[in-house]
Amino acid sequence: MAKKSLFKEFVKGLWEEHPNFVMLIGLCPTLAVTTSAMNGLAMGIATTFVIVCSSILISLMRKIIPDEVRLPSYIIIVATFVTIVDLALNAYFPEIYQLLGIFIPLIVVNCIVLGRAEAFASRNGVIASAIDGLGMGFGFTWGLIVLSSIRELLAKGSIFGMTIFGESFKPIQIFGQAPGAFIILGFIVGLVNFININAKRKRELQKISDRSQAA
Amino acid sequence: MKKSNLLNIVLVLTIISLVSAAVLTLANDKFSPIIKARENDKLRIVAQKLLPEGAQITKVANYSDLASLVAEARKAAGLSPDWHWNPDAAPVEAAVPAEEEKVELDFSGFTFEESEDEEEVELDLSGFTFEENDEAEEIGTEEETVFTEDSEDLDTVDFSEETFSFGEEEEAVDFGDMFGDAFDFTGGEEEAPAEAPTEPAQEEVAPAFEVYQALENGKLAGVAVVAKAKGYHGDIVIMISFDGTLEKVVGMDVVQQTETAGLGSLITEEKFTKQFAGKPTGNPFETGKDIQGVAGATISSKGVAAALQNALKNLEQFLIDGTIKEGA
C-alpha cells in the first residue's frame, strides 16, 4: 500500500499535477530560459536538486520550525541550496551559468519549490517528500525540455545543439524570444488540456457503457 | 496548531541562519578559487587566440616596461617611438613627473607604490583613472569614500549591521564575507583597504582594462587590451590585439556580452569581429564610418565601437603616463 502511494506521489508530478502545463506555476524560468534544450535541461536539473534537497530538509524540520516563521525558514533553506547550486554551476559549468544567469538565483522564489515545501514537505514524511520533490522536479525538467526543444528547433533549427533542419533552414527569430515562449507554452497547455479532457470523456463514456452493459 | 513563544522563534531562525551561513561559507571556500582561476584563464585564453602564436604571453604588470617595448618595436619599424591613437585630436595630457602625477591622478600614484602582488589592482585602477567617462568618476568617488568612510556605501554599511544582529560569534563575520563573495553586495571595494596587499580588490568578472603582451625573442610581437563599454543590455567586454608597433589591429573578440539573442549577440560572430583585423589604429572606430555594424543591432555595434575607443584611449594613457617620454 505504502509503496503504491509513493509511486503515486512520484507520478503525479509528471502529468496529473504537472507544474508547468497543468498547475501553471514556476513560469518565470519556464518562459525565460527555454531558449535551447540544453538550457532547459540544466535549469530542470538545478531546480530538481533544489526541490529534492529542500523538501527533505523541510520535512525533517517540520516539527521544529514554528508555524509563525515557517516561510522565512523555508526561504533560508531554499536560498542556501540555490546558492550552492549557483556557485557549483559557476565553478564547473561556466557556459551554462552564463546562459542561465539571473535565473539560477531566482530559483529561490520559484513557486514550485516553495509550493512543494508548503503544500507537501511540511505535512509529510521525509521519504514521501523526497519522492514528491523528485517527481515534481522531473515533471518540471521534461516540461522545460519539451518547450525548449521546440523553441530551439524553430529558432535555431537544432536540438541540443545538433542541427536538424540543415543549412537552408531560415530561423524564426521570434521563437527564441519571450513572445515565442508564450506562444509555444500556450499551444502545449492547450494540447495537454485537450488530451486530459478527451481522456476524461472517454472514461465517462466507458463508465456509462459499462453500466448499460451491466444493466 | 501549537503556539510557539518568541524565544523559540528567534532561536530556531537564528540556528537555521547560522547553519546556512556555515554551509555556504564552506561551499564558497570550495568553489570560489575555481571560479576565480577560471575567470583569469578566460582572458588569457582569448589573449592567446588574438596574439601571435608561439609568443610568450604575459599580463602586463608595469606600464613602463611595456612602453619601452613598444618604443623599441616602433623604432625598429622606423616609426616615432611615441604612439598616439589619434594624433589629430587634442593631445593627451602632457607627460608629468611621477610625483606631480600622484596629486593629479590620485590613485595611480597610490597603487604604483604598492608591492608587485597587486598587479590587478594596479592595472584596473589606472585603467579607470584614465577613462574619460562617468564610470571613471564613479569609481573615483567610491575609492574616496573608502578612505573617508563617507555615506556613499550605504548598502554596505547596512549590511554589516545586519550581519552582526544575527549573532556575535565568528560565524557572523563569515556570513558577511560569504555574502560579499556570493552576491557581490559589497562589490569588492569595501575590502580593498583592509586586506589590499594579499587579495586583489577588484572582484569584477571582467576588468575594465587589462593589457597582455606577447614577446617573441625578447621583442614585442603584440599587445592585447581588454576594454568595456555599455551595450544595449549590459556591459560589452572586448579584447582587441595590436601588432608590436601598435599601428595595426590584429584581431578582436567579444569576451562578455548580454545583448539580445539573435540580434545584438551577433557581435560575437566572426562575420562581425573579423572586419577589425588589419585596420590601422589611427581609425576613429565609429560605426558607419569604418565599422560595419550588425544590422538591427545599432546600439550593440556602437557599444563595441565605444569599447574599442576606450581600449585605444586607455592604452594611450597607460603607455604615456609620464615615464615613457622621459625614458625615450
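Helix α3 (residues 37–60) of chain A has 24 residues and extends 34 Å from its first C-alpha to its last, close to the 34 Å expected at 1.5 Å a residue; the expected span is 1.5 Å times one less than the number of residues. Helices (H or I, at least four residues) and strands (E, at least two) are DSSP runs, numbered from the N terminus. The model is predicted: local features need pLDDT of at least 70 and side-chain atom pairs count only at pLDDT 80 or more, whereas totals for chains, interfaces and linings use all residues. Residues are numbered from 1 along each chain as its sequence is written, and chains are lettered from A and ligands numbered from 1 in the order in which they are written.

Because 18 of its 24 residues are buried, α3(A) is largely enclosed by the rest of the structure. A residue is buried if 20 or more other C-beta atoms lie within 10 Å of its own, exposed if 12 or fewer, and partly exposed in between, with C-beta atoms placed from the backbone. The axes of α3(A) and helix α4 (residues 70–92) of chain A come within 9 Å and cross at roughly 145 degrees. Axes are lines fitted to C-alpha atoms, for helices over the stretch in contact, and angles run from 0 to 180 degrees between N-to-C directions. The crossing of α3(A) past α4(A) is right-handed; a crossing is left-handed if the near helix is turned anticlockwise from the far one by less than a right angle, and right-handed if clockwise. Residues of α3(A), including Phe49(A), Cys53(A) and Leu57(A), meet residues of α4(A), among them Ile77(A), Phe81(A) and Val85(A). Contact requires C-beta atoms, placed from the backbone, within 7 Å. The residues of this contact comprise 13 nonpolar, one polar and no charged. Ala, Val, Leu, Ile, Met, Phe, Trp, Tyr, Cys and Pro count as nonpolar, Asp, Glu, Lys and Arg as charged, and the others, Gly among them, as polar.

Chain A as a whole contains eight helices and two strands, in the order α-α-α-α-α-α-α-β-β-α along the sequence. Of its 215 residues, 40% are buried. Among contacts in chain A between residues at least 6 apart in sequence, 76% join residues at least 24 apart.

The contact between the chains takes 22 residues from chain A and 20 residues from chain B. Helix α1 (residues 6–50) of chain B supplies the largest share of the chain B side, 15 residues. That side has 13 nonpolar, six polar and one charged residues.

In chain B, strand β2 (residues 210–216) is joined to β3(B) by seven antiparallel bridges; strands pair if DSSP finds at least two bridges between them. Tyr212(B) stands opposite Ala224(B) in β3(B). Two residues separate the strands in the hairpin of β2(B) and β3(B), where Asn217(B) takes a positive phi near 55 degrees. Strand β3 (residues 219–230) of chain B is largely enclosed by the rest of the structure, because 10 of its 12 residues are buried. Nine bridges join β3(B) to β4(B), again antiparallel, with Val225(B) opposite Ile240(B) and four residues between the strands of the hairpin. Strand β4 (residues 235–243) in turn pairs with β5(B) in the antiparallel sense over six bridges. Ile238(B) has Val254(B) in β5(B) as its bridge partner.

Technical notes. Two residues are in contact if their C-beta atoms, placed from the backbone, lie within 7 Å.
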